[in-house]
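Good morning, and thank you for coming. I would like to take a few minutes to discuss salt bridges and the nonpolar core in the structure now coming up on the screen.

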Amino acid sequence: MKELTVEAELDNIETVTEFVNAELDTLDCPMKARIKIDVAIDEMFGNIARYAYSGAKGKVTVRFELEENPLTASITFIDSGTPFNPLKKADPDITLSAEERKIGGLGIFLVKKTMDEMDYTYSGGQNILTIKKKLG
């Protein structure tokens, strides 16, 4: 397991992505899986940076773990911001045109659809969101 703690700021999306990609590089991760993971990091970390601390400063810990059988990347985002369970966010109606759809929710929907697993808990005053992607 490897961990990185950074300020919950949009400028740190690149730092978090590089942290995870450095681990994926050691695993010969398929490009298709890497792109999906990178998009998920952008969406999930971006949401934390924008909304978790309501404009105040805060930190996010990103944990990378590798699971075997099947080989799976597990990325956990931990913050102590406002409790928010993205799994309870209603999926957008993608049958509507872009003009008819409500703003928001598409990023979370995309992550739900591209990751193999997504889990959320709120414990000890912390949001704990884990996304998993099979690499093989």
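Let me begin with Glu-9, which pairs with Lys-57 in a salt bridge whose closest N and O atoms are 2.8 Å apart. Glu-9 sits in the loop between E1 and helix H1 (13-25), and Lys-57 sits in the loop between helix H2 (31-52) and E2, so this pair ties together parts that are 48 residues apart in sequence. As for accessibility, Lys-57 counts as exposed at 66%, whereas Glu-9 is partly exposed, with a relative accessible area of 29%. Please keep in mind that this is a predicted model.

How many salt bridges does a search of the whole structure find? The search returns 7. Besides the pair just described, I shall present two of them.

The next one joins the side chains of Glu-7 and Lys-59, with an N to O distance of 2.6 Å. Here Glu-7 belongs to strand E1 and Lys-59 to strand E2, so the bridge ties together parts that are 52 residues apart in sequence. Glu-7 is partly exposed at 25% relative accessibility, and Lys-59 is partly exposed at 47%.

The remaining example is the salt bridge of Glu-3 with Arg-63, where the closest N and O atoms lie 2.8 Å apart. Glu-3 is in strand E1 (residues 2-7) and Arg-63 in strand E2 (residues 59-67); the pair therefore ties together parts separated by 60 residues in sequence. Glu-3 has a relative accessibility of 43% and counts as partly exposed. Arg-63, with a relative accessible area of 23%, is partly exposed; buried would require a value under 20%.

Leaving aside residues up to four places away in sequence, Ile-75 touches Val-20, Ile-37, Val-62, Arg-63, Phe-64, Leu-129, Thr-130 and Ile-131.

Which residues of the largest nonpolar core touch the most other members? Of its 32 residues, they are Val-20, Leu-24, Ile-37, Phe-45, Ile-75, Phe-77 and Ile-131. At least two residues of this core come from each of H1, H2, E2, strand E3 (72-79), helix H3 (106-114), strand E4 (117-123) and strand E5 (126-134). H2 provides the largest share, with 9 residues.

Methods. Residues are numbered from 1 along each chain as its sequence is written. This is a predicted model: local features need pLDDT of at least 70, side-chain atom pairs count only at pLDDT 80 or more; totals for chains, interfaces and linings use all residues. Side-chain values use heavy atoms; hydrogens and water are left out. A salt bridge is a side-chain nitrogen of Lys or Arg within 4 Å of a carboxyl oxygen of Asp or Glu. Helices (H or I, at least four residues) and strands (E, at least two) are DSSP runs, numbered from the N terminus. Buried means under 20% relative accessible area, exposed over 50%, partly exposed in between (1.4 Å probe, protein chains only). A nonpolar core is a set of buried Ala, Val, Leu, Ile, Met, Phe, Trp, Tyr and Cys residues joined through side-chain atoms within 4.5 Å. Contact means heavy atoms within 4.5 Å.
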